[in-house]
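Please open the structure in your viewer and keep the selection tool at hand.

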Amino acid sequence: MLVTVEGIDGSGKSTLVKGLAGALADLDPVVTREPGATWVGEAVRRSIAENDDPMTECLLFIADHAAHLRHVVRPGLAAGRVVVSDRYSDSRYAYQAVTLKGLLPDPLGWLKAVHAPFTVVPDLTFLCVLPVEEAVTRLKANREHFEEASVLEEVQQNFLALAAADPERFVLVDAMLPADEVRAFVAAEVRRRAGAAR
Ligand code: TYD
């Protein structure tokens, strides 16, 4: 079963995923992330730091996804493991739909078309949602470059539209709740779905 965790910067999803590794330890999950599960992540980090060309950056995120699928996600699923990824394709559909605006006629349509033939669609996606002002407050200095409130607002709207279009796959998480409550809720939901999938 493939489980992904999504949300804007500052939504607490990385803390949640780290907590899940412990809370689900008995299931022996593969806990992974995008970008950065393979060496391609280093190229992505460099691209983000250089803040150069949005299309170059997008294609590197997609290359990172391809390597992630080949080396981590598909082998994990083939071994019957629960795979939990901190960010995944929906991050492209939410963030790059913003960064590619004006460069392509239909960024979201293009992103989905590029992914469709080779990606693995998650079974379950948790979307951490919170007011953008709260996310910005939580973000510390020296962050990467998607932390402007207006951008994050748009990205969160994109995530919510993706969730509304696929309510079977998405579960919304109230990221304003205490971290341990969020973790307990998400872990219970993963167990419920994993049990049902067996
Ligand atoms: P991430 O490593 O999740 O951020 P952090 O761990 O520092 O919270 O992601 C880095 C940035 O890249 C973040 O702003 C989200 C962005 N991103 C995209 O724009 N598209 C993508 O496909 C992914 C995976 C991330």
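**First stop: the ligand and its shell**

The shell around the ligand is made up of five nonpolar, three polar and nine charged residues. The model shown here is a predicted one. Select the ligand together with its surroundings: 17 residues surround the ligand, and the closest are D9, R33, R87, R92 and Q96.

Now display the side chains and examine three of them in turn.

- Select D9: a polar atom of the D9 side chain lies 2.8 Å from an oxygen atom of the ligand.
- Select R33: an N or O atom in the side chain of R33 is 2.4 Å from an oxygen atom of the ligand.
- Select R45: here a polar side-chain atom lies 2.9 Å from an oxygen atom of the ligand.

How much of the ligand's accessible area does the protein cover? On its own, the ligand has 550 Å² of accessible area, and the protein covers 92% of this.

Next, colour the helices α1 (13–23), α2 (40–50) and α4 (89–99), which are the elements that give two or more residues to the shell around the ligand. Of the elements, α4 gives the most, with four residues.

**Second stop: D90 in helix α4**

Remain on α4 and select D90, which is found in this helix. Is D90 buried or exposed? D90 counts as buried because its relative accessibility is 1%, and buried means under 20%. Display its contacts as well: leaving out residues up to four places away in sequence, D90 touches E6, T125, F159, L162, R169 and F170.

Select residues 107–115, which form helix α5, and highlight its buried residues, P107, L111 and H115. Why do these residues lie on the same side of α5? They do so because they cover an arc of only 60° around the axis. In general, an α-helix has 3.6 residues a turn, so residues three or four places apart point the same way.

**Last stop: A37 in a loop**

Finally, select A37, in the loop between β2 (30–33) and α2. With 31% relative accessibility, A37 counts as partly exposed. Its contacts, leaving aside neighbours within four places in sequence, are T32, D64, H68 and V72. To end the tour, select the C-alpha atoms of A37 and L77: these residues are 40 residues apart along the chain, and the two atoms are separated by 16 Å.

Definitions and conventions. Residues are numbered from 1 along each chain as its sequence is written. This is a predicted model: local features need pLDDT of at least 70, side-chain atom pairs count only at pLDDT 80 or more; totals for chains, interfaces and linings use all residues. Side-chain values use heavy atoms; hydrogens and water are left out. A residue is near a molecule or strand if one of its heavy atoms lies within 4 Å of it. A polar contact is a pair of N or O atoms within 3.5 Å; within protein, one must be able to donate a hydrogen and the other to accept it, and residues adjacent in sequence count only if both atoms are side-chain atoms. Accessible areas come from the Shrake-Rupley method with a 1.4 Å probe; for residues, only the protein chains shown count as cover. Ala, Val, Leu, Ile, Met, Phe, Trp, Tyr, Cys and Pro count as nonpolar, Asp, Glu, Lys and Arg as charged, and the others, Gly among them, as polar. Buried means under 20% relative accessible area, exposed over 50%, partly exposed in between (1.4 Å probe, protein chains only). The arc is that of the directions from the helix axis to the C-beta atoms. Contact means heavy atoms within 4.5 Å.
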